[in-house]
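Thanks for asking me to look through this one with you. Here are my notes, as numbered points to read beside the picture.

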Amino acid sequence: MSIFRTPQVILFSDDLPRAVTFYKRLGFTETFRVPIDGDPIHVDLVLDGYKIGIASVASTRDDHGLDPIAEGQRAAVILWTDDTTAAYDNLVAGGAPALASPHVWLGRLLIAWIADADGNPIQIVQSL
């Protein structure tokens, strides 16, 4: 018997509005915000049933006593697409940092890597 449901990943950011804007450009839709008005300390976004949360570093420290790391390659977000090369080119042209250009992996996937606004790697992948 499972006691858990609705898993979600939370990323930490020093600039929550910037991070939310980045993920909205990828097609994510905002579903939750705290507080509702004013500067947010936490925002949830969803894409194709997958939920990602972004929490402010300051709030996580002040409210929960944790010591999150706000920048660098701490987690990876994976986004499947029908055209890795076009998606990669579009995101890099829009200012996303390029980490690895499209390349074949395992002989059956085309993969590229960019970074989000806080340095988290995002893998863009398609089946060949």
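1. Let us begin with a term: a residue is buried when its relative accessible area is under 20%, exposed when it is over 50%, and partly exposed in between (1.4 Å probe, protein chains only). By that rule Tyr88 is buried, because its relative accessible area is 10%.

2. A word on where the values come from. This is a predicted model, in which local features need pLDDT of at least 70 and side-chain atom pairs count only at pLDDT 80 or more, while totals for chains, interfaces and linings use all residues. Residues are numbered from 1 along each chain as its sequence is written, and side-chain values use heavy atoms, with hydrogens and water left out.

3. Now the overall picture. The chain has three helices and eight strands; helices (H or I, at least four residues) and strands (E, at least two) are DSSP runs, numbered from the N terminus. Read from the N terminus, their order is β-α-β-β-β-α-β-α-β-β-β. The C-alpha atoms fill a box of roughly 45 × 45 × 25 Å along the principal axes. Of the 128 residues, 35% are buried.

4. Please find the sheet with the strand order E1-E4-E3-E2, which is open and has mixed pairing. Two strands pair if DSSP finds at least two bridges between them. Strands E1 (9-13) and E2 (29-34) are at the edges with a single partner strand each, so one side of each has no neighbour in the sheet. From one strand to the next, the twist averages 25 degrees. E2 and E3 (residues 42-47) run antiparallel and are joined by five bridges; Thr29, for example, has Val46 in E3 as its bridge partner.

5. Two helices go with this sheet. Helix H1 (residues 16-25) packs on the sheet and touches E1, E2, E3 and strand E4 (50-56), with its direction at about 160 degrees to that of E4. Helix H2 (residues 57-64) lies across E1 and E4, at about 75 degrees to E4. Contact means heavy atoms within 4.5 Å, and the angles run from 0 to 180 degrees between N-to-C directions, with axes fitted to C-alpha atoms (for helices, over the stretch in contact).

6. The other sheet to look for has the order E5-E8-E7-E6; this open sheet of four strands also has mixed pairing. Its edge strands, E5 and E6 (98-105), each pair on one side only. Ignoring direction, neighbouring strands here are turned by 20 degrees against each other on average. E5 and E8 run parallel, joined by four bridges, and Trp80 stands opposite Val125 in E8. Helix H3 packs on this sheet, touching E6, E7 and E8, and its direction makes about 10 degrees with that of E7.

7. Back to Tyr88, which lies in H3. Which residues does Tyr88 contact, leaving aside neighbours within four places in sequence? They are Ala98, Ala100, Ser101, Pro102, Ala112, Trp113, Ile114 and Ile124.

8. How many aromatic pairs does the structure hold? There are two; rings of Phe, Tyr and Trp (its six-membered ring) pair if their centres lie within 6.5 Å, and planes under 30 degrees apart count as stacked, over 60 as edge-to-face and the rest as tilted. The rings of Phe22 and Tyr23 have centres 5.4 Å apart and planes at 80 degrees, so this pair is edge-to-face. Tyr23 and Phe28 also form an edge-to-face pair, because their planes are at 85 degrees and their centres 5.5 Å apart. Together, ring pairs link Phe22, Tyr23 and Phe28 into a cluster. Phe22 is buried at 7% relative accessible area, and Tyr23 at 1%.

9. Tyr23 turns up again in the largest nonpolar core: among its 21 residues, Tyr23, Leu26, Leu45, Ile114 and Ile122 touch the most other members. Such a core is a set of buried Ala, Val, Leu, Ile, Met, Phe, Trp, Tyr and Cys residues joined through side-chain atoms within 4.5 Å. H1 gives the most to this core, with five residues.

10. Gly49 sits in the loop between E3 and E4, and Gly49 counts as exposed because its relative accessibility is 72%.
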